[in-house]
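Here is a walk through one protein model, from a single helix out to the whole chain and its ligand. Keep the structure open as you read.

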Amino acid sequence: AKWVYSFGDGKAEGASAMKNLLGGKGANLAEMANLGLPVPPGFTISTEVCTYYYANSHTYPADLQAQVEAALAQVGALTGRNFADPANPLLVSVRSGARASMPGMMDTVLNLGLNDVAVEAIATSSGDPRFAWDSYRRFIQMYSNVVMSIDHHNFEEILELYKDRKGFAQDTDLSAYDWTQVVAGYKDVVKRETGKDFPQDAREQLWGAIGAVFSSWMNQRANTYRRLHDIPESWGTAVNVQAMVFGNMGETSATGVAFTRNPSTGENALYGEFLINAQGEDVVAGIRTPQNITETARIGAKSDKPSLETALPEVFAEFVRATQLLEKHYRDMQDMEFTVERGKFWMLQTRNGKRTAKAALRVAVEMANEGLITRQEAIGRIEPASLDQLLHPTLDPKAPRNIVATGLPASPGAAVGEIVFDSDEAEALKSGGHKVILVRVETSPEDIHGMHASEGILTTRGGMTSHAAVVARGMGKPCVSGAGTIRVDYAAGTFTASGQTFKKGEIITIDGATGQVMAGEVPMLQPELSGEFAVLMGWADEVRRLKVRTNADTPADARVARKFGAEGIGLCRTEHMFFEESRIVAVREMILAETEAGRRSALAKLEPMQRQDFAALFEIMQGLPVTIRLLDPPLHEFLPHKPEEVAQVAAATGASAEKLKARADELHEFNPMLGFRGVRLAVAYPEIAEMQAKAIFEGAIEAQQKTGVAVTPEIMVPLVLSKRELDLVKARIDAVAVSVFKAKGVTLPYMVGTMIELPRAALRAGDIAETAEFFSFGTNDLTQTTLGISRDDAGSFLGSYVQKGILPQDPFVTLDQEGVGELVALAAERGRKTREKIKLGICGEHGGDPASIAFCERTGLDYVSCSPFRVPIARLAAAQAAL
Ligand code: ADP
Ligand code: MG
Ligand code: MG
């Protein structure tokens, strides 16, 4: 079998389409070589070897070694060096690379092949002993850490001590001799920690590193990342072995990372950071403050050292050509790594860049306008859920800000929270309901869970491409990085900035758009929904078939939803209008009434309030459809429990408190979810439905007269299980319509329909549709009743059900398509058979979930309805489902 794929010298055995086999990094290295870009030669050991390795108790296929040797010889021929040749050694990097990019999750070893003899040969051949020994010390530290699990601090301690002793500030201050001393110290560490000498045999080093990459696929960090990003364990990682090029060969050498467009704002400008005389991860690790790539796109004016454009203009020109070629070729924004060795430019990596939601929108819209991609592709490039980032507030520019430090604007958005310094603590506080800002000198992959739990992240070290910045942008969390004037004292649980001391638990505000760090809480503003957002949503609206409505119970919700583009109200839960202090007494009076007369007197108090509520909703929705659900009260939520609540009702009705208390006890239910609710209430007490119907019709007439726009109310009867129930209630509604229209001298068209939220209703949809003019699938209750799982009690076991693969996801978040979905499809089909044009919608939480929306599209529903803030997400998801 073929396990190894070579690249270099303008050609490659792989290509970017082979990501499954070669991993993202390997496939793109091959592609860049094929494109004729300068890529150091190398080869990729395929992900199939990783699969083999785990299937065969950590061993390799028998013919792998020979294939690796052959590929190494080929790299040697292209570079004019030989691996493991003491006189003229080929040095390589060993780089992991999974299918999906997993930044910082897997470990890379650079300068492999060095030993006590090779380092002297390199010192001589390069004419730069300092460079040779700098490479050797880097190699010992990286290899010892990745392959032999010796903690970095052992090495950092030695280097810090040495620098202190000699009065050096920067690593670049050390001479060749200094590095020989440090290397000796490093080798002692290895001996002390492992009892063995640092391996001198290049082949032993190589196989040690390859094994470490494969093992790291299952390490804690990688597992966490995979879990958070839904990456299957079975994919495995590839290993890339590549000839080293050296950015640490003096003042004409450099290493850097760049994006073809700004990953934070999306601006079409080359954007990145680099360091002169440095290697590999120095830029990302934030050891020195990096310099900007271009003169114009300067990042927060952080470094006053010259840009690459100024420092190495010819290299810069070549790099710019490469970036343009890559962006055109991949037709997407690229995130690239490069190294310059003595003025010679090399590409080391390219991939589609991670970006904020804001940047994703701008890049997609601009690329479509540039003709690089189609509008449909632009629509497909935006993750619907990511729009959420844009719909939330930003800092009020007029509000006073007590700015205590300014770092880099690493990931936009504003966040307010309590200071916390530790990721475990951040997670614990979050689960206790606190909002926290994670404050770190810098973050590492061990902080992922803490970053996840935080509202925002603040670091004092590291640039725009530091770990904190990259991960925060991926998570859509606000981040300020490299706020260098802040001094963190982990031990004391404090930081100081601008002469003030901030303790753990105190509130700060960070603004990831400006890099500002502020004491206390700064007020926020509602988001701006114009610009690229509006353009892309307009394109989405042109292609989608499904209508998007909102679930709104109040005029405020309805207004927000209209602003977000809702095309009507799919669900107005009238009981939510009753929680208000001034109304609850009348509601309790109604529930506790023992006679129809008593109930009617309570209802008479509620009716004008309801009429006003409905009139306001109809007015805001300007003739768009509005579905109002008749009362579906969870009785226990309305019953008075406390003595003072009982006393209030007693005072309003003149009944005795004891009697009311007894009545409340009588109404207690063991399982309110399956109790006296929904249409059952309307069947027992039709006067309640009558009052609501009257309020709806009168409110509609009022709104129509006020706005001059025709209103067609849709009255929805909840929890129906048979046609007969609906017939009884519809007869009452129709009678009320006749009398209201007569009294007002106005006639309105209206519809009466039902929610399908019981399996029996789905099964009987054929006869129910004889009466119902529309169905709205109440998938929250339909999920509960179909699975027999109470949403409020599922917490204790649902997680393990998903983990064990019994359910593919949380069925209350994403529709259970196999079970609940089948009922929906069946009810839709049976309903349509009876009433061809029956209007069909969905109004559970699922109405705002992209995967569930795709299901609704496939099932041919007419609309989805979701909470106001999810309306734009639903519009985009509906468009993607229609593509
Ligand atoms: P990661 O996936 O964490 O980015 P990489 O394999 O890309 O890991 O490598 C880490 C760093 O080492 C990057 O800055 C990369 O450019 C650099 N690097 C990797 N291979 C080489 C090489 N052959 N020559 C010079 N630098 C390299
Ligand atoms: Mg790394
Ligand atoms: Mg990389």
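**A buried helix**

Start with the buried residues of helix 13: A357, K358, A359, A360, L361, R362, V363, A364, V365, M367 and A368. The model is predicted, so read every position here as a prediction. Helix 13 covers residues 357-370. Because 11 of its 14 residues are buried, helix 13 is largely enclosed by the rest of the structure. Burial here means 20 or more other C-beta atoms within 10 Å of a residue's own.

What does the covering? Helix 14 (375-380) and helix 18 (531-543) are among the elements over the buried residues of helix 13. The helix reaches 20 Å from its first C-alpha to its last, close to the 20 Å expected at 1.5 Å a residue. Just after helix 13 comes G371, with a positive phi of about 85°.

Now step back to the whole protein. It has 34 helices and 32 strands. Its C-alpha trace spans about 105 × 60 × 50 Å along the principal axes. Of its 883 residues, 52% are buried. Take the contacts between residues at least 6 apart in sequence: 67% of them join residues at least 24 apart.

Finally, turn to ligand 1. Around it sit 16 residues, and S93, R95, T108, G280 and E337 come nearest. Strand 4 (92-98), strand 6 (237-243), strand 10 (334-341) and strand 11 (344-352) each give two or more residues to this shell. Domain 1 (4-243) and domain 2 (254-355) each supply at least three. By type, the shell holds 6 nonpolar, 7 polar and 3 charged residues.

Definitions and conventions. Residues are numbered from 1 along each chain as its sequence is written. Chains are lettered from A and ligands numbered from 1 in the order in which they are written. This is a predicted model: local features need pLDDT of at least 70, side-chain atom pairs count only at pLDDT 80 or more; totals for chains, interfaces and linings use all residues. A residue is near a molecule or strand if its C-beta atom, placed from the backbone, lies within 6 Å of it. Helices (H or I, at least four residues) and strands (E, at least two) are DSSP runs, numbered from the N terminus. Ala, Val, Leu, Ile, Met, Phe, Trp, Tyr, Cys and Pro count as nonpolar, Asp, Glu, Lys and Arg as charged, and the others, Gly among them, as polar. Domain bounds come from an automatic or database domain assignment. A residue is buried if 20 or more other C-beta atoms lie within 10 Å of its own, exposed if 12 or fewer, and partly exposed in between; C-beta atoms are placed from the backbone. Two residues are in contact if their C-beta atoms, placed from the backbone, lie within 7 Å. The expected span of a helix is 1.5 Å times one less than its number of residues.
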